[in-house]
Amino acid sequence: MSNVTVFDDLLQEVREFPPDPAFTAQATAADPAIYRRAADDYERFWEDHARELVWFQPWARVLDWKPPHAQWFVGGKINAAYNCLDKHLGTPRRNKAAFIWEGENGEIRTVTYLQLHRDVCRFANVLRSLGVTKGDRVAIYMPMMIEAAVAMLACARIGAIHSVVFGGFSPDSLADRINDSACKVLITADGGWRRGNVLALKNEADKALEQTPSVRHVVIVKRPHGEPFPLNVKEGRDHWYHRLIEQASADCPAEPMDAEDVLYILYTSGTTGKPKGIVHTTGGYLVNTYATSKYVFDLKDDDIYWCTADIGWVTGHSYVVYGPLQCGATVFIYEGAPNHPGQDRFWEMVARHRVSVFYTAPTAIRAFMKWGRQLPAKHDLSSLRLLGTVGEPINPEAWMWYHENIGRGRCPIVDTWWQTETGAIMITGLPGLSTMKPGYAGTPFPGIEATVLDEAGNEVKTGSGLLAIKKPWPAMLRTIWGDDERYVATYFSKWDKKTYFPGDGAKRDEKGNFMILGRVDDVLNVAGHRIGTMEVESALVDHEAVAEAAVVGRNHDLKGQAIVAFVTVKGRFSMSDDLRKELSRHVVKKIGAIARPEEIIFSSDLPKTRSGKIMRRLLRDIADGRALGDTTTLADPAVVEQLRETYEEKYGG
Ligand code: WT7
């Protein structure tokens, strides 16, 4: 595990933060017995939460576990949109804001639960009129706007499966994802604003649509107050959202879905070049996202809750849409960049909207640190009462900065470990109960059995090893779309068929707190975004000049990890700066800007074992400027030496 960060040295000086009695007094989870109750009978624990949801038909069994597959609330009938919306309509929440949206250029839109319900029903009828039926796949490629959530919930209402693709992905990536699950409809927007520029999403989508035979209709949401720009609307295929919705009826009963019917597919990177379509089903996912939102974010009716994640990631699914809406929360969403027009944009909005619960990524916190404490200091952040982080390990220094400069020493911080695959938060402190330890994600959420194992599957009581989950949980992925073998091989083959392998290293302290050490596989975490090294390698070798490529992560102060690519070039091409730029552009074109290599290093050869395997560990050492590891198994040790020299000449080591 040479690619992991251990914060031990720093932790020696770091304090612990016991729960604040004032917070505990008002916390939803205020009794530590919740842990014991859940451990005594985890099925019963989840079942108790399931009872707080609205079911059209009760479940016959809580759990059917045929390792490595599990089914939850078997026989139950439920609808996700119903539990996010209709459930609240008979209560005073009906006239409360569900979403408050702010565009990058400052306009604000608010929709109440009643209004959101109406929009979702109308759009659900629109989808039906376009031929979408239960089980069909619908792709969503949108900026952060209320209609992205409307689109998701409209799919859920009629039992269509949504597949949201992050707006930063390239047309090629979008096309791959659409084709993998044969989406019938694509919902997109003319554009969105990012750092003062229009991101012309529909124009990007057009390039994908040349390669996606399954798509019959495209719905384009007009981003309010957007400046006009060239846009192609293909007669018969492309439709404006606002026109369709005008004519649609607001009467659309929610489809009773089987608890195990698929709610959505979300693609994520793995260790091969092909992203995995993670499949989430309905009942268990709803129960799990509801319970975690309720206890981890301690959501109250007067909270303004802001999770900064884009709807294109799982965090946007579970903790912008499905979790908080089931809790009847008011969710703030922001369209644009954190540094537009100024680097204090977030704090200015927290102050103006009176945000009380704030959830973001360590990479953002490190950027705020760099921009300076004087920026949050200018604003009234007294509305904040709880902070959270997700997406990557948070270094204690960033944790302390967040605690002091954003939480002003008053707010508990929940460091939440989970994954696209887990669907919901798995390891975290509970804000009214847990002693927070900077750098540690805390303990497993009640009902979750997490542990640390060594390669052979022996339990590591205290110390480092591999993170493992020993029991199924309601929001767990059910399979990989179209590839159940890959599901078994990736997640349930490391030890036995009952034990889930998340791909992370972890370390446990004497009190059972988990420190997450980062990925132990060939997956990078760049600014909280998950990128497979193989995906970037495939994008590189797709270029005519590239003979071979190996991609590794390098430690990076802001992004956590940065992408470093080692490339060997075909004989007739020269290793020029121009080629380097072109390759970088090529990766962006193939995958998207999030995969842009920070460095491309040309090399006449790559270090390989005698069996021809590229030795990434060595490349990581070179990229990080560390002393070289063991090279005795190399086919040609000279290659490494030469690579390191090239690298040091070029970049100063
Ligand atoms: C990977 C999952 C789940 C939301 C966003 C990312 C890393 C996630 C933490 C945390 C340390 C974390 C892990 C994990 N990760 N949260 N609190 N501390 N690492 O979802 O793209 O599926 O990535 O993100 O390495 O495996 P994702």
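Where is P68 found? P68 sits in the loop between β1 (61-66) and β2 (69-74). Keep that loop in mind; I'll come back to it. A word first on what we have: this is a predicted model.

Let's start with the overall layout. The protein chain splits into domain 1 (3-480) and domain 2 (523-651). Their C-alpha centres are 33 Å apart. How do the two domains meet? On the domain 1 side, 26 residues make contact, and they touch 23 residues of domain 2. The size of an interface is often given as the accessible area lost when the parts come together. Here, about 1800 Å² is buried between domain 1 and domain 2. Carbon and sulfur atoms give 45% of that area.

Now charges. Side chains of opposite charge can pair when their charged atoms come close. How many salt bridges cross the interface of domain 1 and domain 2? The rule finds two. Over the whole structure, the search gives 51 salt bridges. Take R345 and E102: their side chains form a salt bridge, N to O at 2.9 Å. R345 is in helix α13 and E102 is in strand β4 (residues 97-102), so this pair ties together parts that are 243 residues apart in sequence. Another salt bridge joins the side chains of D172 and K590, with 3.4 Å from N to O.

Next, helix packing. Look at α11 (residues 283-296). I'll take two of its contacts.

From α4, the contact uses W46, H49 and A50. From α11, it uses V287, N288, Y290, A291 and Y295. By class, that contact has six nonpolar residues, two polar and no charged.

α11 brings Y285, L286, T289, Y290, T292 and S293. α12 brings H317, S318, Y319, Y322, G323, P324 and Q326. The classes here are six nonpolar, seven polar and no charged. Notice Y290 of α11: it is listed in the contact with α4, and it is listed in the contact with α12.

Last, the backbone. Most residues other than glycine have a negative phi, and most peptide bonds are trans. Some spots in this model go the other way.

The peptide bond from P67 to P68 is cis, with omega near 5°. What kind of peptide bond joins H340 and P341? That bond is cis as well, with omega about -5°. P341 is in the loop between β17 (330-334) and α13 (345-353).

Then there is R354. Its phi is near 55°, a positive value in a residue other than glycine. R354 lies in the loop between α13 and β18 (357-360). So where does α13 come up? P341 is in the loop between β17 and α13. R345, in α13, pairs with E102 of strand β4. R354 is in the loop between α13 and β18.

Technical notes
Residues numbered from 1 in each chain as written. Predicted model: local features only at pLDDT ≥ 70, side-chain atom pairs only at ≥ 80, totals over all residues. Heavy atoms only, no water. Axes fitted to C-alpha atoms, helices over the stretch in contact; angles between N-to-C directions. Helix = DSSP H or I, 4+ residues; strand = E, 2+ residues; numbered from the N terminus. Contact = heavy atoms within 4.5 Å. Nonpolar A, V, L, I, M, F, W, Y, C, P; charged D, E, K, R; others polar. Domains from an automatic or database assignment. Buried area = accessible area lost by both parts, 1.4 Å probe. Salt bridge = Lys/Arg side-chain N within 4 Å of Asp/Glu carboxyl O.
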